[in-house]
Structures are given as C-alpha cells and as structure tokens.
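I opened the model to look up two things. The entries below follow the order in which I checked them.

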Amino acid sequence: MKSPSSRRSADDRGFRLGTGFFALLVVLLVAGIFWELYRTSQLSLAKFGFRFWTGKTWDPVSGEFGALPFIWGTLYSSILAMLISTPIALGIAIYLSELSPRRLRTPLAFLTELLAAVPSIVYGLWGVFVLVPIVRKLQVVTPDWLKKVPLFSGPPLGVGMGAAALILAVMVIPFTSSVAREVLKAVPASQREAAYALGATRWEAIRAALRFGRTGIIGAVILGFGRAVGETMAVTMVIGNNPQIKASLFAPQYTMAAVIANEFTEAADDLYLSALIEIGLVLFVITVFINAISRLLIWSVTREVKAQVPKPTATVAFAAPTGGGQ
Amino acid sequence: MNRTRRRKAFSGIVVFLCGAAVFLALIPLFFVFGYVIEKGFSSLSWDFFTRMPKPVGEPGGGMANAMVGTVYLIVIAGAFAVPVGVIAGVYLTEYGKKTFGSLVRFTADVLNGVPSIVIGIFAYGLAVLPVKHFSALAGGLALGFMMIPIITRTTEELLNLVPGTLREGALALGATRARAAFSVMVPAALPGIMTGVLVALARIAGETAPLLFTAFNNRYFSTSLVQPISSLPVQIYTYAVSPYEDWHRQAWAGALVLVGFVFVFSVLARVVTRRLERMHRA
Amino acid sequence: MSETVVSEMETSAGGPAPGAEPTSAAAVSSLAGRKIRMESKRLNFHYGPKQALWDISLQIPEKTVTAFIGPSGCGKSTFLRCLNRMNDIIPDTRVEGDVLLDGNDIYGPGTDIVDLRRRVGMVFQKSNPFPKSIFENVAYGLKINGLASRGEMPERVEKALRRAALWDEVKDRLDASAMGLSGGQQQRLCIARAVAVEPEVLLMDEPCSALDPIATGKVEELIHELQREFTIVIVTHNMQQAARVSEFTAFFMLGRLVEHDRTEKLFTNPGQKITEDYITGRFG
Ligand SMILES: Nc1ncnc2c1ncn2[C@@H]1O[C@H](COP(=O)(O)OP(=O)(O)O)[C@@H](O)[C@H]1O
Ligand SMILES: [Mg+2]
C-alpha cells in the first residue's frame with residue numbers, strides 16, 4: 001500500500017521496524033536458548049562426546065555419565081502414550097467435527113480441551129495418590145504366567161513405565177484432538193460431498209475427509225508426540241526415576257525431563273551440571289525438530305485450503321452496502 | 001444390497017467408537033476433577049490461606065507465602081512478556097504476510113512446544129548461574145519466556161477478527177499506521193487480547209518444572225527480586241513427594257486452588273472470545 | 001419400475017408467479033408423451049427457520065437436459081440437492097412434499113440413501129477431485145459400492161474416462177495425482193467419476209462457472225453427448241449456456257418455480273412477464 005505523503009511513510013517505517021523488533025525477539029529467544037544450553041554444556045560435550053548418548057551408566061559420584069537410559073525412557077513412554085492416545089484423540093476430533101449434534105459440540109469441545117488446562121503438577125499429584133495405587137493393585141492380581149512375559153515382569157511397585165504412559169496419554173489427547181479437529185475443519189465440505197454423491201456411507205465420507213487432510217492429521221499426532229517427550233512433572237512423579245533400560249511396563253524407569261527436574265539442584269560439581277544441561281540441549285533440539293515438522297505438516301493443510309478457497313462471505317459482506325448505495 | 005448393509009453397519013460401528021472416544025477421554029477428566037475437588041475441599045481451611053508453612057514434619061500451617069509468591073512471579077513474568085507478546089502480535093497482523101512474518105509465527109509455535117523444563121535451564125543460565133543465587137527474577141523470566149509465544153499468537157488471532165475496514169477508515173482520516181493500530185485496532189480487540197493474556201497466565205500459573213531451579217522455594221514470606229521465592233506449584237510438588245499425611249492434604253488443597261484458577265480463566269476466555277467473534281461477524 | 005407419463009394437460013402459462021397462489025403440479029404441455037424420470041410434488045424446503053423453496057412441482061424427462069436458471073440465491077442449488085438428498089447432511093434442514101424417482105418417493109421410509117445417491121449422481125460447482133491418482137478417483141465410487149471387481153476396474157475406468165472425453169488426455173498418466181490436472185480437466189474427471197457408477201440421473205450444479213471459455217465449451221459438448229445415456233439436470237447462471245445445452249428450462253425466482261417449458265419456447269416466447277424481464281436482462 002503506497003502512502004500519499006512521505007511523512008506518513010516515514011512514520012510507517014518507524015512503526016514497522018519498532019514492532020518488528022519485538023517480533024524478532026521471539027526468534028532471538030529460540031536462538032538464545034540454543035546458544036545458552038550449548039555454551040553451558042561444553043564441559044560434558046567435550047569430555048564425553050558421542051559416548052554420552054550410548055553409555056548406560058549414570059553415576060554422578062564417580063563422574064560417569066551415560067544418558068542412554070533417559071533417551072530410552074523418554075522414547076518408550078512417549079511412544080506408549082501415543083499408542084493409547086492417538087486413536088482416542090482422532091475419535092474425538094472426528095466426533096466433534098463430523099458427527100456430534102451441534103448443541104453438544106461446544107460443551108464437549110470445551111470439556112476435552114479442559115484436559116489440557118489441568119496443570120502437570122495436578123496430574124502428578126493425582127497420579128501419585130490415585131493412579132499408582134490402582135496400577136499396583138493391577139500388578140498384584142496379574143497372574144504368574146503373565147508376569148513371565150517381559151512386558152509385565154517386576155515387583156508390584158505401582159510406579160513405573162505403565163503409569164507414566166497412561167498419564168502422558170491423558171495429557172496428550174487434547175493437543176492431538178484439537179489440532180486434528182482444526183485440520184478436519186479446514187477440509188473443504190466439497191470433499192465429503194463428493195464422496196456422498198457417489199454413494200458413500202458416513203464413515204466413507206469421513207475417510208475421504210481424513211484422506212484429504214492426512215498430512216495435517218499426521219502433524220497433529222507428531223505434535224502430541226512432542227508434548228509427551230517434553231512432559232516433566234507428572235512423569236517425574238510416577239515413573240519411578242530409575243535409570244534402567246527395561247521393556248516392562250511395571251519397571252521403574254527414567255526420562256530426560258525427569259532427570260533434569262530431579263537432579264538439577266543437587267548437581268554439586270560442574271561436570272554433573274553440564275551433563276544435565278546437555279540432556280536439556282538434546283531435549284530442546286528434539287522437541288524443536290518435532291514441533292517444526294508437525295507445524296509444517298499442519299500448515300500445509302490449513303494454509304493451502306485457506307489459500308485455495310475464496311471466502312464467499314467476504315464478497316457478500318462487501319457487495320451488499322455498495323449495491324444498496326447505488 | 002447385502003454389501004450396502006454391511007458398509008452401513010461398519011459405518012455405524014465407527015461412528016459409535018468415535019462417540020465412545022469422547023466418553024473415554026471425559027473419564028479421567030471427571031476422575032481428576034472429582035479427586036481434586038473432594039480431597040481439596042476437605043483440606044481447605046482458613047489457615048491454608050493465611051499461614052506460613054511449618055517446619056518439616058510439623059502438622060498445620062498453610063501456603064500463604066506460596067500463593068503470594070505465585071502472584072508475584074506472574075507479575076514479573078507479565079511485566080515484560082505482555083508488552084513483547086502484544087507488540088509482536090500487532091506486527092504479525094499489520095506486516096506479517098511476508099516471509100519474516102511466517103518465520104516469527106513458525107518460531108512462536110515451535111517455542112510453544114519447547115518443554116518448560118528447558119526454558120527453566122535457559123533462565124537458570126541467564127539469571128542464576130552468573131550470580132550463583134536462585135531468585136524470583138529468574139523464575140519470573142522463565143515463566144515470561146513461556147508466555148511470549150502464547151500472547152503473540154492469540155493477539156494476532158484476535159486482531160485478525162477485527163475487520164480491516166476499521167483500519168482503512170482510520171487511515172483514510174489521515175491517521176498513521178501506528179495510530180491506526182494502537183488507537184483503533186488494539187482497542188477493538190482489547191477484551192480479546194486481555195483474555196489471551198489471561199489464558200497465558202493460567203497456563204503458566206501451574207508450571208512447576210521451570211521454577212524448580214530458578215525461583216527455587218522459600219519457607220518464608222518474600223517479595224525480594226533477588227531472593228528465592230515460594231510458589232504454589234513447587235510447594236504442591238514438595239508436599240506431594242513428602243512422607244507426611246498433613247502435607248499431602250495441603251497439596252490437594254493447593255491443587256484445588258490452582259485448578260480453580262485455571263478453570264475460571266479458561267471459561268472466561270472462552271466467553272469473551274466467542275462474544276468477540278459474534279460481534280465482528282454480525 | 002413404474003414410469004410416470006404426463007397426460008395431455010392444458011397449462012396455458014407455466015407456473016405461478018412469486019407471491020401468487022401456487023398451482024399444483026404445473027406440467028408443461030410439451031412434456032406430454034415424454035417419459036418422466038424424476039418429479040417433485042409441492043416441495044418445500046427449510047434451512048432452520050428460513051424457507052428456501054416454496055411448493056416446487058416439476059417433472060424431469062428422461063435422457064435429455066433440463067436446465068435450471070434464475071438469479072443467485074433463488075434456490076436452484078437447494079432444489080437440485082433435494083433430488084439426491086444431499087441436503088440431508090446439512091443440519092437443521094427440513095423437507096416437505098415428495099420427490100419421485102421412477103415413481104418411488106425418495107423421501108419415503110423405504111429409501112436407501114446410499115443407493116439413491118449412487119443412482120442420482122452429482123457434479124459440483126467447483127471441481128472436487130480427491131487427492132488421489134486419476135485412476136483412483138474414477139475407481140472410488142465403483143470400489144466403495146462394490147460395482148466392479150479388481151480385474152474389471154481398468155476397463156470400467158477407461159470407459160468412464162472416455163465418456164467424459166478425458167481419456168486421450170490422461171491415458172498415459174493414470175497414476176498421476178488428480179490435483180495436477182487443469183481446472184477443466186479436473187471438472188471432466190469429476191464427471192467421469194460420477195458416470196463411472198452408472199447413475200440414472202446426473203445433477204450438475206454450475207459445472208462451468210469456474211472454467212475458462214474453452215474448457216466450458218468442452219464440458220458443454222460433453223453434456224450434449226451424455227444426454228443420450230443419462231438424464232441430466234444442470235444449474236446455470238448463464239442463460240446462453242442454458243439455451244445451448246438444454247431441451248427444457250425451469251426458471252426459478254425467490255424460491256419458487258416461475259416457469260418451466262421447452263428451452264426454445266421459454267427464451268423466445270416466455271409465458272410470464274418476470275421471465276421475460278429476467279432473460280432480457282431487465283433486472284438483477
Ligand atoms: N446451508 C445453508 N444454510 C442456510 N441457508 C442457505 C444455505 N444454503 C443456501 N441457503 C439459502 O437458501 C437460498 C437459496 O440458495 P441456493 O439454493 O444456494 O441458491 P442458488 O443456487 O439459486 O444461487 C439462499 O437465500 C441462501 O442464502
Ligand atoms: Mg447455487
């Protein structure tokens with residue numbers, strides 16, 4: 001847009017640069033986090049190199065730091081959480097965007113999104129005092145033959161991988177479902193209509209919509225995964241905090257976020273602190289990567305559609321007053 | 001014919017399962033809320049709001065300092081995050097169509113997904129490491145960094161609800177772009193921006209992880225920027241993992257206060273946003 | 001299969017004017033003797049509290065093209081979508097009256113909507129191919145309805161693409177994404193997809209409005225070909241197009257059917273004053 005007077009365009013420029021500076025701060029913040037974590041983890045990076053990520057021993061007393069158990073715990077708990085939460089979250093998204101009676105839609109959407117509003121610490125508290133005892137009872141009644149299966153072996157502690165995965169699943173559901181719903185909302189009605197017009201059933205029409213938005217749906221699932229990977233308090237409180245690599249759902253394990261939360265203030269020497277910060281650095285890089293991918297996938301659907309479909313409402317809104325004035 | 005019936009039956013089953021998924025997700029919601037309300041209310045007392053914590057193992061006391069501490073941390077966080085976030089949001093609405101705007105939007109969304117504990121380490125490196133001292137300032141910084149992307153994006157979203165004709169109207173009267181933005185656009189979206197801020201506040205008010213090694217904890221009442229300070233979430237955490245029955249009860253009471261806070265702001269935000277949407281659509 | 005044949009009924013001047021008392025089952029004299037595929041009887045339609053169609057009674061003769069014209073918002077699309085119950089998927093809508101397909105009420109209790117929509121196909125204003133390959137797009141309806149085995153599929157897809165006059169342009173790239181086709185090709189693909197399931201009636205809602213004149217010409221030619229096998233109903237806001245492609249034309253106004261007659265007659269010697277005003281461009 002060209003301004004008529006030069007004074008105004010100078011003002012405009014000042015305004016753009018002024019506000020642009022604050023926008024730039026957002027970008028600088030991310031760069032700053034990376035730089036700061038990189039800087040403060042130098043000690044550990046230099047001393048251990050790649051060995052840090054393959055070592056299985058975490059022994060602060062002897063200065064031996066291997067982070068593999070944390071990587072394992074983080075990935076395992078997050079993947080389990082995704083296995084549980086993805087079908088439920090997609091079911092919710094489909095129900096709310098395609099099936100629910102209009103009157104129920106808003107309250108149900110609000111309730112499911114409320115799951116995301118509950119603070120992590122409250123989930124943790126609930127996990128410690130409600131969920132963990134339930135898991136413990138389950139473990140006690142697990143028949144012996146089932147306990148021989150590695151997935152269910154171990155003493156009945158309650159805390160452990162299973163409890164953590166369950167709580168993570170609950171926490172991740174609202175993120176995946178609300179983004180998936182947004183994606184489905186962006187799928188043009190014409191896709192469903194095309195399917196219906198060929199004799200599709202309700203589910204077949206929904207499948208056509210899912211198919212159209214599938215990159216975005218995948219993005220929604222990946223976004224949920226990113227949340228699970230970085231989740232800290234609730235997991236810390238129920239996973240048992242034991243750096244070991246076990247397949248068992250009943251075994252206490254540890255995650256990257258949890259070890260930082262637990263040991264950061266206790267890290268007496270610089271190397272220990274530096275090792276924890278290196279875990280933080282990798283957690284940062286992983287989550288940035290996951291979030292970047294998921295955002296790009298989600299945008300590829302929601303943006304593309306916005307760009308393709310002209311907004312008829314706008315033309316109607318603008319046409320009416322001019323037409324009336326003539 | 002038979003095939004059609006089979007397809008319809010299958011469709012019906014899937015539809016049913018989708019409804020069941022909603023139901024399934026609501027179970028933990030009611031379960032969590034139910035426990036927090038039941039256990040929280042039975043532990044809530046006047047002392048809880050007015051007293052300081054007792055020394056380890058002694059029953060009684062309250063979380064007065066933690067509640068004040070949480071408010072204090074939020075104020076510190078908001079003091080720098082609100083202006084940064086709102087102005088960045090204004091930039092995105094006014095000039096954000098180009099590559100840089102997309103980059104900012106993208107980074108904000110990515111930042112939103114960075115684990116809070118990582119932000120905590122960043123604040124630790126900025127404000128704790130140089131002075132070797134936990135402080136309220138460090139905690140406030142950590143929370144503020146988390147607020148910035150949320151406020152930026154909600155501000156942009158809500159400013160976009162304001163019809164562009166409003167801006168054009170102001171420009172046509174000879175207003176500068178800055179004038180148009182801050183005297184016409186922002187006021188029109190103000191209730192929405194305020195709720196965006198409230199949502200961000202509600203989101204960070206319950207954050208625990210980034211405070212563990214920035215604001216740390218403090219048994220005493222403090223309003224010093226450079227001293228460690230207590231907060232509701234950290235206090236709940238400390239009490240929850242302790243072996244004392246009375247502290248467990250207080251942790252539930254703290255959780256009730258926290259959830260109540262979050263719930264009220266979520267409802268409020270929703271009501272205001274919907275009213276704003278309706279206003280500008282009509 | 002019962003067939004309705006219009007009796008020799010004298011109707012002097014088409015349907016009722018807007019606001020005038022509706023006359024029931026206004027039939028067009030020139031329909032006499034034609035076999036009727038679809039028919040609506042005193043059809044009313046409501047979007048929630050808003051009524052969009054008033055008392056539409058209209059007959060659609062077999063194996064020819066019937067065009068719906070009228071100013072924007074007059075209910076052409078709404079009526080068209082009543083013919084395959086596409087409006088069912090819009091919440092809070094209500095239909096009164098009957099729509100007969102081969103004499104059976106499609107809003108009756110015995111109707112299988114899925115089967116109905118297979119028999120009454122539809123092509124939309126904006127082409128809406130699925131983000132799949134060209135082949136899969138055409139095969140989609142056959143697949144979900146179980147109308148062709150895997151082995152028969154290529155043959156059926158080819159036949160449909162040939163009928164849509166698209167085969168020669170795409171035969172070398174059937175596995176390419178349909179999204180890569182030009183707008184006109186996409187629309188013909190959608191027509192191929194619709195005819196692949198062998199519908200009896202083909203509904204087209206302004207199928208050319210998003211196309212350039214050359215692509216429009218191709219689609220019109222195609223419509224001309226297809227009428228030999230299918231009963232076609234086309235909505236258009238372009239009166240020249242109606243005149244070019246259709247044998248019968250129905251003129252809608254404010255949710256009512258004003259006049260329905262042979263296209264030639266309607267355009268040269270309309271029975272209603274408003275029809276004349278509309279086609280001569282004296283309002284709207
Ligand atoms: N989904 C809908 N909800 C409410 N009203 C609608 C809807 N679709 C169309 N209408 C209204 O019904 C009337 C007829 O619309 P339509 O059948 O699309 O007209 P045409 O196709 O002749 O332009 C219009 O006034 C329109 O605003
Ligand atoms: Mg229309």
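I looked up the handedness of the crossing of α3(B) and α6(B), and it is right-handed (the near helix is turned clockwise from the far one by less than a right angle). I noted that the model is predicted, that local features need pLDDT of at least 70 and side-chain atom pairs pLDDT 80 or more, and that totals for chains, interfaces and linings use all residues. Residues are numbered from 1 along each chain as written, chains are lettered from A and ligands numbered from 1 in written order, and side-chain values use heavy atoms, without hydrogens and water.

Helix α3 of chain B covers residues 64–95 and helix α6 of chain B residues 136–161; they pack at about 30 degrees with axes 6 Å apart. That angle makes α3(B) roughly parallel to α6(B) (under 35 degrees). I sorted the contact residues of this pair into 21 nonpolar, ten polar and one charged.

Next I turned to ligand 1. I listed the residues around ligand 1 (a heavy atom within 4 Å), among them Y47(C), K50(C), G73(C), K76(C) and T78(C). A side-chain N or O atom of Y47(C) is 3.1 Å from a nitrogen atom of ligand 1. For K50(C), a side-chain N or O atom is 2.7 Å from an oxygen atom of the ligand. T78(C) has a polar side-chain atom 2.4 Å from a ligand oxygen atom. The protein buries 63% of the 560 Å² that ligand 1 exposes when taken alone (Shrake-Rupley method, 1.4 Å probe).

Which element gives the largest share of the shell around ligand 1? It is α1(C), with three residues. I counted three nonpolar, five polar and two charged residues in that shell.

How values were computed:
Axes are lines fitted to C-alpha atoms, for helices over the stretch in contact, and angles run from 0 to 180 degrees between N-to-C directions. Helices (H or I, at least four residues) and strands (E, at least two) are DSSP runs, numbered from the N terminus. Angles under 35 degrees count as roughly parallel, over 145 as roughly antiparallel, 65 to 115 as roughly perpendicular and the rest as oblique. Ala, Val, Leu, Ile, Met, Phe, Trp, Tyr, Cys and Pro count as nonpolar, Asp, Glu, Lys and Arg as charged, and the others, Gly among them, as polar. A polar contact is a pair of N or O atoms within 3.5 Å; within protein, one must be able to donate a hydrogen and the other to accept it, and residues adjacent in sequence count only if both atoms are side-chain atoms.
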